[in-house]
Each structure stands twice: as C-alpha cells, then as structure tokens.
Amino acid sequence: MRLGTRQTRYAPVQRECGRSLAESRRLTGPAGDIMLAARSLFERQGVAKTTVKDVAAEAGVTRELVYYYFENKQAVVDAVLDDYVEDLVESVIVWNESRRFGDTSGSLRACIATFRRALYDAEGNQRPMIAVLEELGVRDAFDVRAVRETVDCINGNIVAEYAAYHQVEIEFVYEMFCVVIFGLVGLVKINPAISDEALMKVVEQALHLDMEPLDAPDEIRHPNPPAATCEA
C-alpha cells in the first residue's frame, strides 16, 4: 500500500490555553480514524478485550497501518485519552465563545450545564468515557489533567476579562478554580441529582462572584470603530 506524506507516530500533545475551535488538537486523517475506532471499541467492549487487530478491523485498515501510526496498543490508548481531554477543553471553548459579556448569571448557568453534560448524558447516565478511565485505573490522573487544562483555558480567557470589570475578592484565583472544579466533580459523584441552581450557588459563593449584570464597554461593543471621514 503506497502512502502520501508520512505523519509522525502518535505522541501526546501539549495544549496551549486561549485557543479557538479552529485550533483543535484532535488527530485527523488515518491516525484519527484509527483512534476513533479504538475509542468506540473501548467504550463498547472494554480496553482489555480490544486488540490491535480489532481496532484495524473497526477502522477498515490493516494491522500494519495501525502500527505505522501508533507504536503499540498503549499509544492508541494514550491517543484516546487525549481525545477525551479534547472533548472537555473544546466544550469550555464553545461555552466561552457563546457567552455574553456581563451576563455572569447566564454564563454561570451555561457553564454548569456544560460541566454536567461532560459527565452525564440526558438520562443522567455516566458517559462511556468514565468506564474506560476506571478500567484503565487512570480516573484520578485524568481528572487532574482535565482540570488543569480546563482551568488554563478559563484563566486565559474568562478570569482576565472578569477582573478587568469587577473587583476580584479572592486570592490564588487559579488555585481556587482548581479547587472549585475538583469540588464540583466530587459533589456530583456524591449527589448526582443535585440541581444546577445549587451547583451555581456553590460556585458563586466559593468564588465571591459579582452577579450583577454589566453593560459591554465601547471597546467590546465596537471593537473596530469606523475610520473618520472628511466631508467637503
């Protein structure tokens, strides 16, 4: 089988904060297809029961092509874990790009809904990702990484804007966001039925958020003012 430009074998990537959806870190091309096939199999039948041969069959490629892009099965597993993190980070990016300036209450409500959807489906069942992480024994390590990258994104986008227009009443802002997100994950584990309103109140109180709405300043309403014109 002849291939075009060769992609390097998979290696976990370092993500930068403050990026947009256009800068997705997801694998694409044949490597992405193989990773998605593995992800689907891991979620349906488990990691231990899935072989590289199974992944190749699911992706519709040869086993040799899987090894062309991934050194071994563990590299495929690492790629799936990266894709799970990307799910969470991209959900934060989508939330950030859709929020309205000054609407702290609405933004917080949408954030809590995004958080809940990341862990549970519409029926309240845990996402298949959770079973994969628990089978691998990496739930805690994954949570640490996911929280760190999520807080990096929040800190690089939302916190700076909030601080510019509100008095920030807490110290160690970055660290406090880590505590809050870890706390939300634990709280929902203890009480999956807890309401979004209760979760919002927890975040509001923990971060001392100013919930009063703000009007967008001129530089946000008119980021590119029209050039002055001269009349004869």
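Of the 232 residues of the protein, 38% count as buried, where buried means under 20% relative accessible area, exposed means over 50%, and partly exposed lies in between (1.4 Å probe, protein chains only). The model is a predicted one, in which local features need pLDDT of at least 70 and side-chain atom pairs count only at pLDDT 80 or more, whereas totals for chains, interfaces and linings use all residues. Residues are numbered from 1 along each chain as its sequence is written, and side-chain values use heavy atoms, with hydrogens and water left out.

The protein contains 10 helices and zero strands; helices (H or I, at least four residues) and strands (E, at least two) are DSSP runs, numbered from the N terminus. Among contacts in the protein with a separation of 6 or more, 71% join residues 24 or more positions apart, a contact being heavy atoms within 4.5 Å.

Consider next the interior. A nonpolar core is a set of buried Ala, Val, Leu, Ile, Met, Phe, Trp, Tyr and Cys residues joined through side-chain atoms within 4.5 Å. The largest such core has 60 residues, and those with the most contacts inside it are Phe42, Phe70, Tyr84, Phe142 and Val203. Helix α4 (residues 73-98) supplies the largest share of this core, 13 residues. The core lies between domain 1 (25-70) and domain 2 (83-212), because both give residues to it; the domain bounds come from an automatic or database domain assignment. Leaving aside neighbours within four places in sequence, Val203 is in contact with Leu108, Ile112, Val180, Leu184 and Leu209.

Where is empty space left? Rolling a probe the size of a water molecule over the atoms shows this. A cavity is a set of points, on a 1 Å grid over the protein atoms alone, where a 1.4 Å probe fits but cannot get out, and its lining residues have an atom within 4 Å of a point. The structure holds one cavity of 30 Å³ or more. The largest cavity has a volume of about 890 Å³, a volume being the space filled by probe spheres set on the points, which are joined across faces, edges and corners. This cavity is lined by 49 residues, of which Trp95, Cys111, Ile154, Phe177 and Ile181 lie nearest its centre. The elements giving two or more residues to the lining are α4, α5 (104-119), α6 (128-136), α7 (139-165), α8 (173-190) and α9 (196-207). Helix α7 provides the largest share of the lining, 12 residues. By type, the lining residues of the largest cavity divide into 33 nonpolar, nine polar and seven charged; Ala, Val, Leu, Ile, Met, Phe, Trp, Tyr, Cys and Pro count as nonpolar, Asp, Glu, Lys and Arg as charged, and the others, Gly among them, as polar.

The loop between α7 and α8 contains Ile170, which counts as buried because its relative accessibility is 15%. Ile170 and Leu207 are 37 residues apart in sequence, yet 6.8 Å apart in space, C-alpha to C-alpha. Not counting residues up to four places away in sequence, Ile170 touches Met176, Ala206, Leu207 and His208.

Most residues other than glycine have a negative phi. Phe172, in the loop between α7 and α8, has a positive phi near 50°, and this residue is exposed because its relative accessible area is 61%. His208, in the loop between α9 and α10 (218-221), also has a positive phi, of about 50°.

Methods:
1 Å grid on protein atoms, 1.4 Å probe; cavity = no way out; pocket = protein on both sides within 12 Å on 5 of 7 lines; lining within 4 Å.
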